[in-house]
Amino acid sequence: MGGLAHYLEREGLTTVNIALIHKHAIAQPAPRALWVPFWYGRPFGAPNQPAFQRRVLDSVLDLLDEPAGRVLCEYDRDAPEMPSPEGWEPPFDLPEPPNADADIGVICSAMKVEVAAMAEKHADVVEKHGWTSIGLSKLDLNTVAELLAVFLRGEEKDTAIAKRPGLALKFGCQEIIDAYAECVLAFSPDAPLAFRRWYWNRTAAGIAVRRLQEVALNSTDYRVKISAQNRAFVPRDWHM
Amino acid sequence: MVKESDLSEASRNSLVTSYDFEKFNDQPWTPTVAAKERRIAIVSTAAIHAPEDRPFGYGAFHWRSFPASQREFWCSHNSVNWDRTGLYQDINIAYPIDRLNEACEDGRVGSVASTHYAFNGGTYEVAKYEPYAREVAGLMKEDGVNTVLLCPV
């Protein structure tokens with residue numbers, strides 16, 4: 001972000017930055033930056049909290065009054081508290097997921113059954129809300145699940161599921177978690193922490209993608225192999 | 001789903017060592033204009049784009065643009081190490097277009113650009129953004145923009 005600011009200032013544009021990674025703000029300084037102590041992905045603190053978001057925006061715009069720089073300020077308030085995930089249960093029943101170290105075939109079967117059930121719930125949520133954030137893979141969720149199973153079994157070399165199966169898988173894995181998130185957050189909008197813990201530990205899909213992270217290191221699809229090497233399937237902090 | 005304070009020192013350090021930061025010899029500083037003359041564009045590095053736009057590929061350094069009226073986005077960012085649930089609930093959490101419009105109505109800024117931009121911030125080689133940043137700067141200036149708000153994820 002500091003690099004982009006630098007290039008834009010060179011072109012005669014005044015810039016102000018939000019910074020989420022303090023060490024980046026130091027290593028690649030921007031002319032004017034406000035570091036905020038929020039979750040990665042949430043530079044304005046919390047969704048549907050316009051007053052809080054506006055305070056953050058006003059604070060970053062205040063940096064435009066600085067006479068000289070570089071300037072790196074720190075926002076001294078945390079985002080509104082989120083409920084604890086302890087004791088939270090999803091708003092619907094799903095079959096018990098397999099153990100994380102179960103046979104690949106068991107994980108694939110459980111994952112496909114679960115995704116099929118969630119795809120139906122997701123269709124209802126999309127109909128109700130009129131819009132969804134998913135669609136990049138150009139595959140429906142059940143086909144994404146089949147593609148995931150193909151890669152888990154190491155059979156990607158022969159698949160005809162997608163023209164660029166590696167790219168479809170990368171987008172598809174994100175779409176599965178996004179579809180689950182849209183289903184859960186439609187009922188429990190304040191439960192992103194609980195959702196995350198549940199998805200990665202207690203769903204067959206989360207367990208399957210965790211297994212993919214290991215299997216894909218040996219994939220014959222270069223894009224999938226690179227994604228696995230860069231840990232682009234499972235967050236580093238999935239267990240938190 | 002983390003914030004910086006949740007990370008170990010080793011993890012925080014890895015956020016720096018994995019990036020190829022640019023060592024600049026210059027330190028550009030463009031003076032600001034008066035608040036009422038500020039025309040602001042937003043640049044997000046969340047790799048958001050209109051659903052009909054081509055997704056950002058792995059290691060993409062180019063940009064997407066969208067009109068100020070755009071509210072439905074897809075996200076093709078490389079990284080899974082940030083929370084996307086907030087983005088799906090309220091785009092303003094990462095792309096504060098409604099808050100910026102309010103700031104304009106309050107006189108805090110002069111006007112809001114007609115077009116805004118996104119990059120894929122999940123890439124490590126900072127210098128490769130330069131030609132694309134120049135392109136975006138040119139387009140912004142055609143729109144009368146003089147000030148840019150950069151928002152990471």
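The domain assignment of chain A gives two stretches: domain 1 (2-74) and domain 2 (104-229). These bounds come from an automatic or database domain assignment. The centres of domain 1 of chain A and domain 2 of chain A, taken over C-alpha atoms, are separated by 34 Å. The model is predicted: local features need pLDDT of at least 70, side-chain atom pairs count only at pLDDT 80 or more, and totals for chains, interfaces and linings use all residues. Residues are numbered from 1 along each chain as its sequence is written, while chains are lettered from A and ligands numbered from 1 in the order in which they are written.

Confidence was examined next. The predictor gives the complex an ipTM of 0.94 and a pTM of 0.93. In chain B, the average pLDDT (the predictor's confidence in each residue, from 0 to 100) is 92. There, 97% of the residues score at least 70. Where pLDDT is low, the predicted coordinates should not be read in detail.

The contact between the chains takes 68 residues from chain A and 66 residues from chain B. Two residues are in contact if their C-beta atoms, placed from the backbone, lie within 7 Å. Several elements of chain A give two or more residues to the side that touches chain B, including α2 (22-27), α3 (50-62), α6 (165-187) and α7 (192-202). Helices (H or I, at least four residues) and strands (E, at least two) are DSSP runs, numbered from the N terminus. The largest share of this side, 8 residues, comes from α1(A). By class, the side of chain A that touches chain B has 40 nonpolar, 15 polar and 13 charged residues. Here Ala, Val, Leu, Ile, Met, Phe, Trp, Tyr, Cys and Pro count as nonpolar, Asp, Glu, Lys and Arg as charged, and the others, Gly among them, as polar.

Strand pairing also links the chains. β1(A) pairs with strand β7 (residues 147-151) of chain B in the parallel sense, over 4 bridges. Two strands pair if DSSP finds at least two bridges between them. Asn17(A) stands opposite Leu150(B) in β7(B).

Within chain A, β1(A) runs parallel to strand β2 (residues 32-35), joined by 3 bridges. Asn17(A) has Ala33(A) as its bridge partner in β2(A). The chain crosses from β1(A) through α2(A) to β2(A), a right-handed β-α-β crossover. Right-handed means that, with the strands pointing away from the viewer, the path from the first strand over the helix to the second runs clockwise. β2(A) in turn pairs with strand β3 (residues 71-74) of chain A, in the parallel sense and over 4 bridges. Leu34(A) has Cys73(A) as its bridge partner in β3(A). The β-α-β crossover from β2(A) through α3(A) to β3(A) is left-handed.
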